[in-house]
Amino acid sequence: MLEIDLNAFFSQPVRVIGLGVFVLIFIGVALRKNRKVHPPIMITCFLVDLALVLYLEFTRGAIKEAADRVMEPMMLIHIIVATLSIGLYVALLITGTKVLRGAPEKLQRIHKRFAITFLVNRVAVLATAIMVSTPPAA
Ligand code: HEM
C-alpha cells in the first residue's frame with residue numbers, strides 16, 4: 001500500500017512554496033478575465049516554478065535522483081507529467097501573449113484548451129511528487 005505522509009512532505013519549506021504556487025495558479029485562473037492581473041500572476045507562477053526546479057537540482061541533484069529511479073513506475077509518470085508541464089507553460093505564455101496583443105478569438109479558445117490540459121497536468125505533477133517523495137532526513 002502506498003502511504004502518503006503529507007506532514008512529512010510539507011515539512012520542507014521549498015515544498016510549501018511549491019504548494020503556494022499551486023494555489024496561486026488557481027487564483028490566477030479565477031482572475032482570467034482581468035487582462036491586467038491574470039498575465040503577471042501566471043508569469044510569476046512560471047518563474048517561481050522554474051526557480052524551484054533549479055533550486056532542487058542544485059541543492060539535491062533532483063534530476064539525477066529522478067534519473068536513478070526512472071524504473072519506478074510512479075517516478076516515470078512524475079517525470080513525464082513534470083516535463084509536459086514546462087511545455088504547456090511555454091504554450092500558455094506564447095498563446096496568452098498573442099491574445100493580449102489582439103489575436104483572433106480562435107487563439108483564445110486554444111489558450112483555454114492548453115489551460116485546461118495544464119491544470120489537470122499540474123494536479124498530476126503535485127500528486128506524483130508527493131507519491132515519489134522520500135521522507136526528509138531526521
Ligand atoms: C499557466 C498559465 C496560464 C493559465 C493556466 C491560463 C488560463 C487562462 C484561462 C482559463 C483563460 C480563459 C479563456 C477563456 O475563457 O476563453 C485565460 C484567458 C486569458 N489569458 Fe491566460 N493562462 C495562463 C497564462 C497566461 C499568460 C502568460 C498570459 C499573457 C502573457 C495570458 C493571457 C490571457 C489573456 C489575455 C486572456 C483573455 C482574457 C479575456 O477574457 O479578456 N495567460 N487564461
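1. Contacts along the chain. Among contacts between residues at least 6 apart in sequence, 61% join residues at least 24 apart. Two residues are in contact if their C-beta atoms, placed from the backbone, lie within 7 Å. This is a predicted model: local features need pLDDT of at least 70, side-chain atom pairs count only at pLDDT 80 or more, and totals for chains, interfaces and linings use all residues. Residues are numbered from 1 along each chain as its sequence is written.

2. Overall make-up. The chain has six helices and zero strands. Read from the N terminus, the order of elements is α-α-α-α-α-α. Helices (H or I, at least four residues) and strands (E, at least two) are DSSP runs, numbered from the N terminus. The C-alpha trace spans about 50 × 30 × 25 Å along its principal axes. Of the 138 residues, 14% count as buried. Buried means that 20 or more other C-beta atoms lie within 10 Å of the residue's own; exposed means 12 or fewer, and partly exposed is in between, with C-beta atoms placed from the backbone.

3. Leucine 6. This residue is found in helix H1 (residues 6-9). Leucine 6 has 8 C-beta neighbours inside 10 Å, so it counts as exposed. Its C-alpha atom is separated by 7.6 Å from that of isoleucine 130, a residue 124 positions away along the chain.

4. H2 against H3. The two helices pack at an angle of about 160 degrees, with their axes 9 Å apart. H2 is therefore roughly antiparallel to H3. Axes are lines fitted to C-alpha atoms, for helices over the stretch in contact, and angles run from 0 to 180 degrees between N-to-C directions. Under 35 degrees counts as roughly parallel, over 145 as roughly antiparallel, 65 to 115 as roughly perpendicular and the rest as oblique. The crossing of H2 and H3 is left-handed (the near helix is turned anticlockwise from the far one by less than a right angle; clockwise would be right-handed). On the H2 side the contact includes Val14, Ile17 and Gly18, and on the H3 side it includes His38, Ile41 and Met42. The residues of this contact divide into 13 nonpolar, three polar and one charged. Ala, Val, Leu, Ile, Met, Phe, Trp, Tyr, Cys and Pro count as nonpolar, Asp, Glu, Lys and Arg as charged, and the others, Gly among them, as polar.

5. H3 against H5. Their axes come within 11 Å and cross at roughly 160 degrees. H3 and H5 are therefore roughly antiparallel to each other. This crossing is left-handed. Pro39, Met42 and Phe46 in H3 meet Tyr89, Leu92, Leu93, Gly96 and Leu100 in H5. By class, the contact has seven nonpolar residues, one polar and no charged.

6. H5 against H6. Here the angle is about 150 degrees and the axes are 8 Å apart. H5 is therefore roughly antiparallel to H6. The crossing of H5 and H6 is left-handed. Their contact has 20 nonpolar, nine polar and two charged residues.

7. The ligand shell. The ligand is surrounded by 21 residues, and the closest are Arg32, Pro39, Met42, Gly96 and Ala115. Helices H2 (13-30), H3 (38-60), H5 (73-100) and H6 (105-132) are the elements that give two or more residues to this shell. A residue is near a molecule if its C-beta atom, placed from the backbone, lies within 6 Å of it. H5 gives the most, with seven residues. By class, the shell has 12 nonpolar, five polar and four charged residues.
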